[in-house]
Amino acid sequence: MDHASSKLVRTCLVILTFIAVVAAARQAQNLLAPATFAIVLGVVLSPVASRLHDLGVPRSVSAACALLMAATLIFMLIVALGPLLSALIEQVPRIQQQFRGWMNELTFMLRSFGGMTIDLERTISEGGEDAVEKAIPSVAEALWLAPNLLGQLLIFSGTLFFFLLTRDDIYSAVPQYRVALKQADRAVSHYFVTITLINLGLGASLCGVLMLIGMPNPMLWGAAAFLANFVLYLGPLAIMLSLLLAGLIAFSSAYAMVAPASFLMLNAIEAQFVTPALVGAQLKVNPLVVFLSIVFGLWLWGPLGGIVALPVVIWAYALTTAQSKRGTASEYKMEQVA
């Protein structure tokens, strides 16, 4: 077999292996998604565990403290979003009613198309309150989902605890990457703490602006903007379109454009000035890579995949950069010795 044929065979094997890994990851979503999220969160919390360990706290205690901190933050987030999600559910019938009115007007304009009008009217009549009832799980569905959710929580908690407990041992198993791995952890942790504070400021700013213009449920929109901004590009786009729809429902004039325009302005300030100034350019990843990774994560594991996709990409980029700098520094020292 010549060199070209051997290279082609290796390339095909790599492609087939990638397809097989992706298919396996998609099938094992209930196992791999919470475990990956736990590792990502462990990377973010690793400086806290390391600082506690440096102060003389045993590893098991520092890992337990980090796990307790993560559980507390998630619990506080769920408690804070509970009333906001309830308010959103209460708005669903009103949104459907308004949307049905728009569709009725549209079908009236399309009377000349005959059959299309009948199909549209049938779709509107069948998609009324039944859509809301279908969106809310029944008692049987809730009982079926409870064990799966509990299992995923156990996987998440166990993976996070044991990752923080044995992180140094795992990194010591690959000594050539140990320093680069810890540098990548610190860089990613700093990045996501900063991004969380930035998103919190964005959500608070949007809430204040919506209060000033008289938009209903400003706290709901502020919390939604805070969470959605973690999913770059797609999250802000979804918030802007949702604000446009909500503005058209709440206001009957061009004043409805104030809410989405305000969010667009706040998001532009955050993306163009605040984030580059606070984060810096050391973790600047190609926007196309970021977008495709988020889309791939959403396709692979749904919303959780969209959340963990960017941390994984940034961690890999930081690791590659740190290892490259370390290699360059080593080569420079060898040249100086020579």
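Reader: Let us start with one residue. What is Leu234 in contact with, leaving aside neighbours within four places in sequence?
Author: Leu234 is in contact with Phe291, Ile294, Val295 and Leu298. Contact means heavy atoms within 4.5 Å. This is a predicted model, in which local features need pLDDT of at least 70 and side-chain atom pairs count only at pLDDT 80 or more, while totals for chains, interfaces and linings use all residues. Residues are numbered from 1 along each chain as its sequence is written, and side-chain values use heavy atoms, with hydrogens and water left out.

Reader: How many residues apart in sequence are Leu234 and Phe291?
Author: They are 57 residues apart in sequence, and their C-alpha atoms are 8.3 Å apart in space.

Reader: And where is the place of Leu234?
Author: Leu234 is in helix α9, residues 234–250. Helices (H or I, at least four residues) and strands (E, at least two) are DSSP runs, numbered from the N terminus. Leu234 has a relative accessible area of 27%, so it is partly exposed. Buried means under 20% relative accessible area, exposed means over 50%, and partly exposed lies in between, with a 1.4 Å probe and protein chains only.

Reader: How many helices and strands does the protein come to?
Author: The secondary structure comes to 12 helices and 0 strands. Of the 338 residues, 30% count as buried. Among contacts with a separation of 6 or more, 73% are between residues 24 or more positions apart.

Reader: Changing topic: at what angle do α7 and α8 pack?
Author: Helix α7 (residues 178–213) and helix α8 (residues 218–228) pack at about 155 degrees, and their axes are 8 Å apart. The axes are lines fitted to C-alpha atoms, for helices over the stretch in contact, and the angles run from 0 to 180 degrees between N-to-C directions. The two helices are therefore roughly antiparallel to each other. Angles under 35 degrees count as roughly parallel, over 145 as roughly antiparallel, 65 to 115 as roughly perpendicular and the rest as oblique.

Reader: Which residues make that contact?
Author: On the α7 side they include Leu206, Leu210 and Met211, and on the α8 side they include Pro218, Trp221 and Phe226.

Reader: Is Leu210 buried or exposed?
Author: Leu210 is buried, because its relative accessible area is 0%. Leaving aside neighbours within four places in sequence, Leu210 is in contact with Met215, Pro218, Trp221, Leu243 and Ala259. Its C-alpha atom is separated by 9.0 Å from that of Val258, which is 48 residues away along the chain.

Reader: What about the loop between α7 and α8; which residue has its place there?
Author: Asn217 is in that loop. Asn217 has a positive phi of about 55 degrees although it is not a glycine. Most residues other than glycine have a negative phi. At 27% relative accessibility, Asn217 counts as partly exposed.

Reader: At what angle do α2 and α7 pack?
Author: Helix α2 (residues 29–54) and α7 pack at about 100 degrees, with axes 8 Å apart. They are therefore roughly perpendicular to each other. Val43, Val44, Ser46 and Pro47 in α2 meet Asp185, Val188, Ser189 and Phe192 in α7.

Reader: Now the rings. How many aromatic pairs does a search of the whole structure find?
Author: The search finds 6 aromatic pairs. Rings of Phe, Tyr and Trp (its six-membered ring) pair if their centres lie within 6.5 Å; planes under 30 degrees apart count as stacked, over 60 as edge-to-face and the rest as tilted. One of the pairs is Phe161 and Phe162, which is edge-to-face at 5.2 Å centre to centre and 80 degrees between the planes.

Reader: Why is the pair of Phe226 and Phe230 edge-to-face?
Author: The ring centres of Phe226 and Phe230 are 5.5 Å apart and the planes are at 85 degrees, so the pair is edge-to-face. Phe226 is buried, with a relative accessible area of 17%, whereas Phe230 counts as partly exposed at 22% relative accessibility.

Reader: Last, what does Asp168 touch, not counting residues up to four places away in sequence?
Author: Asp168 touches Arg59 and Lys182. Asp168 is found in helix α6, residues 139–172, and counts as buried at 18% relative accessibility.
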